[in-house]
Amino acid sequence: MSERSPSPVLPAHARAVVVGGGIIGTSVAYHLAALGWQDVVLLERDRLTSGTTWHAAGLMVTFGSTSETSTEMRKYSRDLYRRLESETGQSTGLAQIGFIEVASDKDRLEEYRRVAAFNRYCGVDVLEISPREVQQLFPLARVDDIEAGFYVKDDGRVNPVDVTMALAKGARGRGVRIIEGVAATGVLQARGRVTGVRTALGDIGSEIVVNCAGMWARQFGALAGVTIANQAAEHYYLITEPIRDLPKMPVLEDPGCYGYYREEGGGLMVGLFEPVCAPWKVEGIPEDFSFGELPPDWERMTPFLERAMSRVPITQEVGMKRFFCGPESFTPDLRPIVGEAPELEGYFVAAGLNSIGVLTGGGLGRVLAHWIVTGYPDVDVTGFNIDRLHVTQANPEYRRARTVESLGLVYKCHYPHHSPATARGVRKSPFHERLAAAGAHFIEVSGWESPAWYGEPGTTPDPGPLTWERPRWFARWREEHRAARENVILMDMSFMGKFLVQGRDAGRILNRICANQVDGAAGLITYTQWLNETGRLEADLTVTKLAAEQYLVVVTDTMVRHAETWMKRHLGDSHAFVSDVTSAYGQLNVQGPASRTLLQQLTSADLSNEAFPFRTAREIDIGFARVLCVRITYVGELGYELYVPAEQATHVYERIVAAGAALGLRHAGLKALGSLRLEKGYRDYGHDIDNTDEPYEVGLGFALDLKKPGGFIGKEAVLAHKAAGPLKRRLLQVLVKDPQPLMFHAEVVRRDGVAVGYLRAASYGHTLGGAVGLAMIEPKVAVDDAYLASGQWQVEIAGRLYPVVVSARPLYDPAMKRIHA
Ligand SMILES: Cc1cc2nc3c(=O)[nH]c(=O)nc-3n(C[C@H](O)[C@H](O)[C@H](O)COP(=O)(O)OP(=O)(O)OC[C@H]3O[C@@H](n4cnc5c(N)ncnc54)[C@H](O)[C@@H]3O)c2cc1C
């Protein structure tokens, strides 16, 4: 099937070169060909599957994710693996024997009920079953201590090698050349673009290179200057001796016991996800590691193994045939690394699969191939886009520290408000020590230590256990929220990405990229989106015109590299220059009705409404410092953002805190930011709006300037969408009428009992008096006022239905009176 001659003749050119012949590389090649790109070469250093794919356990499960993209990829993969055999004649070994996910404690039950509701909305046929039913299906399991099972009868397992071979065969049948035994040794580039791939047998010219090199992806990426923060870790399963009269059983997974269980060779396979794991070869993966195994660390693994085996006691009685350890790649946030590299145009990556490369590989290949062929992804990729990560996350020390936690997170209960415990203290704002002294409880935000909420000053507050209920710090959070609504708060937002864009052409080009008018008078801040040619969102940000040829662009932490790349790729040879000045400024937000009173005490600048209206930006003096003061808000109140030179940050902070004491100034954290902004319906790219959305659908039509000369990128597409008639999908605010239940993300919204959408982001509205969030509603009919007003609206939370208010207008201060005060 593949070319494996000792010295194959390589083509001089290919439309795309895929590097790596594991499940991901073959899936990408297959889908490129399926989309009509037949002139594709796949290079495999050794033999297909020789990296990680050959030893994967092959679990296929569609249940379990609250990401729509991930769930769709799982479903697509299962369907693809079912039909590949009839298409290629090569079996994938798909056995739809069923899959049971066990909830062995109350918190896990709460999680799975929430996930199950969302997965059902996505078309996964998942049933909650009793412990007795679990035992009927999997008689060898001990069920006396479990709460429930979540059963998908069409899930099961595949043979990963067979799937890869079937994908390769399908790709080859469509014209792809699969060449084994030839490693890519470098990537050719010119002027920021890929031009080809280097091998020992010569170069292959190509405009597209796809790095699917699995655990080698990072070091192969580094050859081309591309940063990929994946890291291999030890990953284990055990296979028992054959068990006599082994019944036919579904796959069983019990994260509470760190184990999964399925039939293998007449015995059982017991797979493990231990809570504390071991990175492997941080310094670099050996080039010649093929079909490799690692020596098991018995001492480290024995306690976890014993716990896992206790769920299916017969595994403790029969002998152990094999204890296998192989490496698998993990990433800092347990999401894959996918998309076009910010460093190099035409260089795509699909790596870091976090132990679900087989069960999502088919779908991921489809997504990436579509992205490459059309130029745009057709699913929300904000969660796994390569450019969400920061370069320091690829540092050896970071990878070594974080990977210890990553593998175990797969099986942890996915509580809200979780923040990683490892690789902390990576980035600290200039205010850090002061905020710590003020009682901050820090969470990690793209490596930044950012206060989530504050305890008593002078203490290190204890957040208490993670929970689905109200956390221990709920009252502190409420007080911070109230202080913003009723008085004044101070918030560190230094993690926001900041760019200075300067030059004679800066205004013209920014105005072409931005959908709003950003090149009016100097001293004005503008909220805007960037759209692509399809009229969908690329970014959501503010642009402040500082002076005639000088602009400040501010984006959220996960958008820093995306924004920088987008700008640079649109600047061309013009006289405009982008500098990342994130670290040059501390950003303090002073927000709330008393914010003007507070700041006015500290500056000689006139902050009155007349002299300094909403959306104004100018330098003001505070103490010895010159500070860029921008009157804007992300919480829905009168307020200011202060950009303070890093070396004067603590000086300005101290002045504000000293003057604020008499006014009752409170420090507030990101939890308050979340609840305040969601009450006001403010959007957050990557959370409640993403690359699949058009501005009108997500209520951002007001930020489009359709009249500005020269238009903007995506304008024609936006107009075409508008002309297509009433919106059939809309982002709406949702408020639960009962003050008790909490929403976090992915809760399903029903209208007259029919599921019509889900919460993309949620928090607790301390002012509105209930859980609040933003839901995408897509019922396939016009979502107009009449549709909203008629119908009974409810939200499903952990299996219970609650009445909700649904609104297209902000539920808090729709007339913006407070902001303009
Ligand atoms: C013990 C274990 C159990 C697992 N169980 C499951 C499971 O049940 N379900 C599931 O979904 N996932 C599972 N996984 C994870 C799954 O195996 C991986 O996510 C998946 O195989 C990754 O595929 P890949 O194509 O990215 O990497 P790989 O399979 O490693 O493929 C990368 C390929 O790139 C080649 N390569 C590298 N550098 C170059 C170069 N310079 N030039 C040319 N070729 C190059 C390598 O030789 C290799 O063949 C498991 C993993 C382990 C370790």
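F323 is buried, at a relative accessible area of 9%; buried means under 20%, exposed over 50% and partly exposed in between, with a 1.4 Å probe and protein chains only. Please keep in mind that this is a predicted model, where local features need pLDDT of at least 70, side-chain atom pairs count only at pLDDT 80 or more, and totals for chains, interfaces and linings use all residues. Residues are numbered from 1 along each chain as its sequence is written, and side-chain values use heavy atoms, leaving out hydrogens and water.

**Aromatic pairs**

- The ring of F323 pairs with that of W298: the centres are 4.6 Å apart and the planes sit at 45 degrees, so the pair is tilted.
- Rings of Phe, Tyr and Trp (its six-membered ring) pair if their centres lie within 6.5 Å; planes under 30 degrees apart count as stacked, over 60 as edge-to-face and the rest as tilted.
- W298 belongs to helix α7 and F323 to strand β17, so this pair links distant parts of the chain, 25 residues apart.
- Helices (H or I, at least four residues) and strands (E, at least two) are DSSP runs, numbered from the N terminus.
- W298 is partly exposed, at 42% relative accessibility.
- The count comes to 26 aromatic pairs, and ring pairs also link W453, W473, F474, W477 and Y764 into a cluster.

**R311 in helix α7**

- Helix α7 covers residues 298–311, and R311 is found in it.
- R311 is buried, with a relative accessible area of 1%.
- Its side chain makes polar contacts with the side chains of D145, at 2.8 Å, and D254, at 2.7 Å.
- A polar contact is a pair of N or O atoms within 3.5 Å; within protein, one must be able to donate a hydrogen and the other to accept it, and residues adjacent in sequence count only if both atoms are side-chain atoms.

**Around the ligand**

- Which residues come nearest to the ligand? Of the 37 residues around it, they are E44, R45, T53, E328 and L359; a residue is near if one of its heavy atoms lies within 4 Å.
- Polar side-chain atoms lie 2.7 Å from a ligand oxygen atom for R45 and 2.5 Å for T53, while L359 places a backbone N or O atom 2.7 Å from a ligand oxygen atom.
- The protein covers 98% of the 990 Å² of accessible area that the ligand has on its own, by the Shrake-Rupley method with a 1.4 Å probe.
- Elements giving two or more residues to the shell include β17 (320–330) and α9 (357–374).
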